Every structure is written in structure tokens, then in C-alpha cells.
Amino acid sequence: MNRQLFFQEINRLLFHGKLNDRQREGILHKLAAFDKFEVTVDQWIAYMLATSYHETAHTMQPIEEWGKGAGKSYGKKIKQNGQPYTWPDKIYYGRGDVQLTWYENYERMGDLMGLPLLEQPELALDPEISAQILVEGMVLGKSNRGDFTGYSLENFFNPQRDDPFGARRIINGLDSAHTIAGYHYKFLEAIRKAS
């Protein structure tokens, strides 16, 4: 891919001519993760970039969830099954490019990546680690399953299916599915023009 042309296109299509150095740097971390995990399917790349664009409020940098889980079950010391925990003394609100939440998700992703995410959830804010979490959670990676919700990009983008609306189920039900599908098409257009 011609990266200069790619950045020129996304600057026009998604950033309204205001793509800044931090956004560019964040995208480069994701492109490096795609290379590391050997992700080459244009639709997958476009959808992961669209997800980051949405989940990071267009910053393309890993961020902490606004409100840090206030009012949400995962914003308390409770596991997904409703059981309380006392260790580690952390709250597993959304962090990173995909807003990783819940004790179990931090534990699973840490195990898969060989990182102490349960003990140090702030590691999900490191741009390189966050980009790798994005990929590992959205494709059939080391665990051979979609690690966020059980769905993966392979379920929605394959020779029989091209479904950026349904692909939102990889992250969060169908919340903002139309909006993210729109971002996906713009990133995909830029990728294909730059190929």
C-alpha cells in the first residue's frame, strides 16, 4: 500500500483535512500490528481502523473510557458472572483502541498476549499493545475464536459475506453499527485507492 496516498485519502474522507501527527502515529501503530499478525484482507483492515476511529473518538490513540465505567457493571469490582473480586484492586473499565472492558476480558487478553493486563490494565493504553489487542480480539488469533464476543472478522468478511453492519457484534452488539459501517467504507476506499 502506498501509505502517503492512503493518509492523503483518509485525511480527505474522514479527518476533513485535519489529520494530525498523533492520529497518524496511532494509525501507524495499527498498520504495524496488521503486518505483525499478517492481516492482509482489505475489509478486515478497514473495519479495524473504523472501530478504532469510533472507539477512540477519532483520535486513533488508545484512550480511557469517559466516566471510567461509572454506572456500568464492569465499573465495579464484579466479574461478568456477577461474582465480586478483591484482587487485583483494579476496575476494568474501557481502555485502548477497542475499549476493552471486564475482568475476564483483561485476563484472557493478558494470557493470550503474555502480558500482565489483569494486574496492570493501564498497559491497554500503550499504543503498540492496544493495536495488538485490537487485532487479537477481532480475528481468529491464538485462541482460534473472536476473543471479545465470540465473533470475529472471519464471520462477517469472507467469500460468502461482506457485512460491516453485522461486524459490530465483534465488539458491542449492534451499537453504532451503521455509523461504523460508514467509516469502514471510507477506510476501505482509501485502502483500495492506495493499493
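User: What does buried mean here?
Analyst: Buried means under 20% relative accessible area, exposed means over 50%, and partly exposed lies in between (1.4 Å probe, protein chains only). This is a predicted model, in which local features need pLDDT of at least 70 and side-chain atom pairs count only at pLDDT 80 or more, while totals for chains, interfaces and linings use all residues. Residues are numbered from 1 along each chain as its sequence is written, and side-chain values use heavy atoms, with hydrogens and water left out.

User: OK, is Trp102 buried or exposed?
Analyst: Trp102 counts as buried, because its relative accessibility is 17%. Trp102 sits in the loop between strand 2 and helix 4 (103-113), where helices (H or I, at least four residues) and strands (E, at least two) are DSSP runs numbered from the N terminus. Its phi is positive, at about 75°, although Trp102 is not a glycine.

User: And what does Thr101 touch?
Analyst: Leaving aside residues up to four places away in sequence, Thr101 touches Glu65, Tyr74, Tyr92, Tyr93, Gly94 and Tyr106, where contact means heavy atoms within 4.5 Å. Thr101 belongs to the loop between strand 2 and helix 4, and Thr101 is buried, with a relative accessible area of 15%.

User: Switching topic, where is Ala57?
Analyst: Ala57 is in the loop between helix 3 (42-55) and strand 1. Ala57 has a positive phi of about 55° without being a glycine, and it is partly exposed, at 35% relative accessible area.

User: Which residues does the cis peptide bond join?
Analyst: The cis peptide bond joins Trp87 and Pro88, with omega about -10°, and Pro88 lies in the loop between strand 1 (63-64) and strand 2 (95-96).
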